[in-house]
Amino acid sequence: MIVENITTMRGFLLMGFSDNHELQILQALLFLVTYLLGSAGNVIIITITTLDPQLQSPMYYFLKHLSILDLSSLSVTVPQYVDICLTQSGYISYAQCMLQIFFFTGFAWGEVAILTVMSYDRYVAVCLPLHYEVIMGPSKCRWAVTAVWLSSVIPGTLYIATIFSIRFCRAKIIHQFFCDVPQVLKLSCSNDYLVTIGVADFLSAVAFACFIGIVNSYVHIFSTVLRMPSAESRSKVFSTCLPHLFVVLLFLSTGIFAYLKPTSDSPTALQFLVSIFYTVLPPTLNPVIYSLRNETIKSVIRKLLLSSKFTG
């Protein structure tokens, strides 16, 4: 990768994980396979939750929108990096970088919001089953999802509005595989970035409040489950709640850590690993996690595969 006029160029240089050509080819293949698997899994979830009559409850309605957000989030970062690895360019224009920040932070926020809604849905289903149809009626579910999508515009807008005012005077090298906000802020040569730091702190505080709300929901859920006399009922609740809780912990813990930790001029392997944990792994693993312990989803997928086999 040839680095010339990095300070004066308009765009940025994404360094990724290595500038070794052989390693870049290997990375491109790994990221491409991950992207294809994640996309296929999310498309399957979106398809079956849209078409199958068994999967029309609020839980699957929210799961469908989580899969849409996951698919969108993967598509914002991974294909660009695969192209960079294969072409050995590393260059990303200023406009592309800003669009990537806008959409990635928006979809990430949308995931936090939909995961919070999903935890409340599970709380109502387990702790207030007699009121479930009233509290989680179709119109209220649509309003909740509309609020999730509308709120996802806020983080990207705030970040872009504040980053536009930043002056860059350092070498425009981003030690990441996408335009990550902390890495972009590190390139500022003035105190202009402090406003953006304030935005990041505010959004992290709101995300933490969502996390507290999710934990509170699950404290009530587990306390109710442990009082259930039937082992079968407990197993059924755990099969729908534990995957969701695992996804929440993985996504929020790595995301908040990545955005609040100080950035360094020589990123470690751990920092790159953490960035993969909150950008690539959750959207890829979510379909698998939700399908492994959910018998309804597994039966619908088996039915879909068998019908396709016989049709073919």
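How many aromatic pairs does the structure hold? This predicted model holds 13 aromatic pairs. Its largest pocket has about 470 Å³ of space, and its largest nonpolar core has 58 residues.

**Aromatic pairs**
- Tyr218 and Phe222 form a tilted pair, with 5.7 Å from centre to centre and 40° between the planes.
- Both residues belong to helix H8 (residues 193–225), and because they are four residues apart in this helix, about one helical turn separates them.
- Tyr218 has 2% relative accessibility and so counts as buried.
- Phe222 has a relative accessible area of 22% and is therefore partly exposed, as buried means under 20%.
- Phe31, Tyr81, Phe104, Phe177 and Phe178 are linked into a cluster by ring pairs.

**Largest pocket**
- The lining of the largest pocket consists of 18 residues, and those nearest the centre are Met59, Arg122, Lys236, Val237 and Thr240.
- Two or more lining residues come from each of helix H2 (58–87), helix H3 (94–127), helix H9 (231–260) and helix H12 (295–311).
- H9 gives the largest share of this lining, five residues.
- Eight residues of the lining are nonpolar, six are polar and four are charged.

**Nonpolar cores**
- In the largest nonpolar core, the residues that touch the most other members are Phe31, Phe62, Leu63, Ile114, Leu115 and Met118.
- Leaving aside residues up to four places away in sequence, Leu63 touches Ile45, Met118, Tyr290 and Ile297.
- A second, separate core has 22 residues, among them Phe12, Cys179, Val184 and Val199.

Notes
Residues numbered from 1 in each chain as written. Predicted model: local features only at pLDDT ≥ 70, side-chain atom pairs only at ≥ 80, totals over all residues. Heavy atoms only, no water. 1 Å grid on protein atoms, 1.4 Å probe; cavity = no way out; pocket = protein on both sides within 12 Å on 5 of 7 lines; lining within 4 Å. Points joined across faces, edges and corners; volume = space filled by probe spheres on them. Nonpolar A, V, L, I, M, F, W, Y, C, P; charged D, E, K, R; others polar. Core = buried A, V, L, I, M, F, W, Y, C linked by side-chain atoms within 4.5 Å. Buried < 20%, exposed > 50% of the residue type's maximum accessible area, 1.4 Å probe, protein only. Contact = heavy atoms within 4.5 Å. Phe/Tyr/Trp six-rings, centres within 6.5 Å; stacked < 30°, edge-to-face > 60°.
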